[in-house]
Amino acid sequence: MLDWNPDVIIIGGGVIGASTCYQLARERIRVLLIEREGLAAGSSGACDGLLLLQSKKPGIHTSLAVEGIEMLAELAADLPIDVEFERKGGLVVIESEEDYQTMARFAAERRFEGIDVSLLDAAQARGLEPCLSPDICGATFCPYEGQINPMALTLAFARGASQLGARIIQGEDVRGLNFSRGRVRGVVTDRKVYETEIVVNAAGVYASGIGRMAGLDLPIVPRRGQLVVTAAVPPLLDRCLISAGYIAAKFNPECAEGARAGGVSIEQTKSGNFLLGSTREFAGFDRRTTIPALKTIVNRAVTIIPDLRDDTVIRSFAGLRPYTPDGLPILGRVDSVPGLIIAAGHEGDGITLSAVTGKLISELIVEGRPHLPLDPFRCERFNER
């Protein structure tokens with residue numbers, strides 16, 4: 001039982017909700033996080049741990065990612081759980097001459113934006129990662145990218161918040177919001193009513209359902225990502241890796257369709273297992289994996305790293321990503337509902353953007369203005385279009 005009324009209630013125990021809880025607790029805000037299942041039970045526990053810059057949209061999206069990775073590098077030493085943070089750089093593998101020319105322009109544009117992205121030929125790429133196929137045409141390389149353990153990160157944020165006085169309730173389902181004179185006054189769960197002045201909707205793929213409780217139509221829908229896990233093997237891949245098609249599929253749904261479409265992501269974890277992903281499918285809330293998709297992922301991966309043919313697949317899983325039509329999250333206050341703040345819709349960028357999102361939402365609540373403008377992420381942007 002709570003012996004105080006929370007200043008802020010966060011709905012959702014994924015990495016975004018946990019990060020926001022941690023940042024608010026650091027500011028001595030009385031914060032309560034409510035999760036209907038368990039911490040990291042949704043997207044944050046069913047994804048890879050790639051910390052990418054090259055897959056972000058130019059502009060504010062990339063700026064958030066740069067700051068997010070820097071924050072994670074600093075927080076990794078302070079959080080109460082080892083989050084397995086490593087920053088060794090990342091590659092976007094190029095598999096055709098046509099894509100090579102496209103990625104040459106891509107690298108030049110990123111350098112103009114101030115991001116260190118270099119274009120490598122095939123020999124240079126294989127010099128960094130000898131396991132790459134001799135058939136690749138090259139790669140782009142960014143030294144600031146890295147990887148982390150997503151589930152450990154979520155649990156670390158939550159434990160850190162608890163140690164600072166936050167309260168976290170799991171297994172309790174939010175059923176409604178209370179209002180008085182047009183503003184949020186509390187949260188109704190399947191067990192009790194909690195009074196508060198501020199509610200943060202960090203419910204991931206379920207954020208649109210929470211939004212409907214406030215009369216909002218949030219364009220956040222689930223996008224399924226299937227992944228394959230291999231048996232642990234000795235170190236083979238030192239850096240995080242995606243293909244050029246992965247970026248195309250992220251921002252253009254048509255590029256995610258077809259037997260060889262969608263690109264691939266490849267990561268070798270600290271334990272030696274490979275995580276191979278990932279599809280981008282609009283399949284509702286269906287978390288099942290499918291044989292054709294898994295075969296496509298494996299085939300794409302072994303084309304890039306032939307030695308993976310000798311490894312063994314030990315399991316597969318699928319997670320749901322909170323997709324928005326323009327590929328950007330929804331962050332900030334809701335003009336029509338005083339007291340309601342949204343921090344959701346990150347799709348596959350939630351891990352990379354978790355720390356900076358938590359910081360921005362905390363600053364918005366504590367100081368009234370975050371250090372970066374949230375105008376591009378307002379939920380009202382969809383209505384204005």
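Leaving aside residues up to four places away in sequence, Val 200 touches Val 8, Ile 9, Ile 10, Ile 11, Ile 341, Ala 343, Ile 361 and Ile 365, where contact means heavy atoms within 4.5 Å. This is a predicted model, in which local features need pLDDT of at least 70, side-chain atom pairs count only at pLDDT 80 or more, and totals for chains, interfaces and linings use all residues. Residues are numbered from 1 along each chain as its sequence is written, and side-chain values use heavy atoms, without hydrogens and water.

Val 200 is also one of the residues that touch the most other members of the largest nonpolar core, which has 54 residues; Ile 10, Leu 153 and Phe 157 are the others. Such a core is a set of buried Ala, Val, Leu, Ile, Met, Phe, Trp, Tyr and Cys residues joined through side-chain atoms within 4.5 Å; buried means under 20% relative accessible area, with a 1.4 Å probe and protein chains only. Among the elements giving two or more residues to this core are strand 1 (8–11), helix 5 (150–163) and strand 12 (198–201). Helix 9 gives the largest share, eight residues. Helices (H or I, at least four residues) and strands (E, at least two) are DSSP runs, numbered from the N terminus. A second, separate core has 28 residues, including Trp 4 and Phe 382.

Now turn to helix 8, where the buried residues include Leu 294, Ile 297 and Val 302. Among the elements covering the buried residues of helix 8 are strand 13 (221–230) and strand 17 (313–323).

Methods
Buried < 20%, exposed > 50% of the residue type's maximum accessible area, 1.4 Å probe, protein only.
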